[in-house]
Amino acid sequence: MTTPSTNEKNFDQDALLGLINAIKEDPEVGKTVWKASTQWLGGFRSQAQIRDFTIGMDEPTALGGSDTGPNMVEVVLGAYGCCLTTGYAANAALRGIDLEDIQIDLEGDLDLNAFLGLQTPQQCCPGYTNVRATVKLKAPDATPEQIAELHEAVKATSPVGAILGRPVEVMTELHN
């Protein structure tokens, strides 16, 4: 399979520019709500329903799962990498940079002690304490300065990066 370049566009740039212009005219248009629902499938298997997409998740066998899909913290890493990828593709195209390839490797540090009940969340964070992303961009016609500016812009505006990097109010209610 050939990797597309941003010069070939491969996304609806007119739709994106239309949204950008609509938000410029009325910033309230940019305030959106995104939704997902999940369902337990037995064992540690579950699935997320997001719009018309179903994403199955499970735990690896080392954590007692049946390894039928990625686990939730892996999906978070994948979501961050894909968010960055979208940011690079869109911002490069809007800046006239022809990207030939985007490769991102991610890893996160997670201590299982709190999740497994061996320590309290006050003793040990149950979530990621560090997330690292290594980005490789191939844009032979771009200057190093253009690539550096693109990289900084994408890091600063990544919604998933912001979710991971800043405190977010989370409300979880039980309804029986």
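L112 counts as partly exposed, with a relative accessibility of 32%, where partly exposed lies between buried, under 20% relative accessible area, and exposed, over 50% (1.4 Å probe, protein chains only). This residue is found in the loop between β4 (101-110) and β5 (128-138), and together with F115, L116 and L118 it makes a nonpolar surface patch of about 410 Å². The model is a predicted one, in which local features need pLDDT of at least 70 and side-chain atom pairs count only at pLDDT 80 or more, while totals for chains, interfaces and linings use all residues. Residues are numbered from 1 along each chain as its sequence is written, and side-chain values use heavy atoms, with hydrogens and water left out.

**Overall layout**

- The protein has four helices and five strands, which are DSSP runs numbered from the N terminus (helices H or I of at least four residues, strands E of at least two).
- Read from the N terminus on, the order of these elements is α-β-β-β-α-β-β-α-α.
- The C-alpha trace spans about 50 × 35 × 35 Å along its principal axes, and 21% of the 176 residues count as buried.

**The surface patch**

- The accessible areas come from the Shrake-Rupley method with a 1.4 Å probe, and for residues only the protein chains shown count as cover.

**Helix α3**

- Helix α3 (residues 144-157) has 14 residues and reaches 20 Å from its first C-alpha to its last, close to the 20 Å expected at 1.5 Å a residue, the expected span being 1.5 Å times one less than the number of residues.
- L150, A153 and V154 are buried in α3, and they lie on the same side of the helix because they cover an arc of only 95 degrees around the axis, an arc taken from the directions from the helix axis to the C-beta atoms.
- The exposed residues P144, E145 and A156 are carried on the face of α3 that is turned away from its buried side.

**Salt bridges**

- Six salt bridges are found in a search of the whole structure, each being a side-chain nitrogen of Lys or Arg within 4 Å of a carboxyl oxygen of Asp or Glu.
- E28 and K31 meet through their side chains in a salt bridge (3.0 Å, N to O), and K31 is exposed, with a relative accessible area of 61%.
- E100 and K138 form a salt bridge at 3.8 Å, N to O; E100 lies in the loop between α2 (72-95) and β4 and K138 in strand β5, so this pair ties together parts that are 38 residues apart in sequence.
- D109 forms a salt bridge with R132, with the closest N and O atoms 2.8 Å apart; D109 lies in strand β4 and R132 in strand β5, so the pair ties together parts that are 23 residues apart in sequence.

Notes
Patches are made of residues with over 30% relative accessible area and no salt bridge: like charges are joined within 9 Å, nonpolar side chains (Val, Leu, Ile, Met, Phe, Trp, Tyr) within 5 Å.
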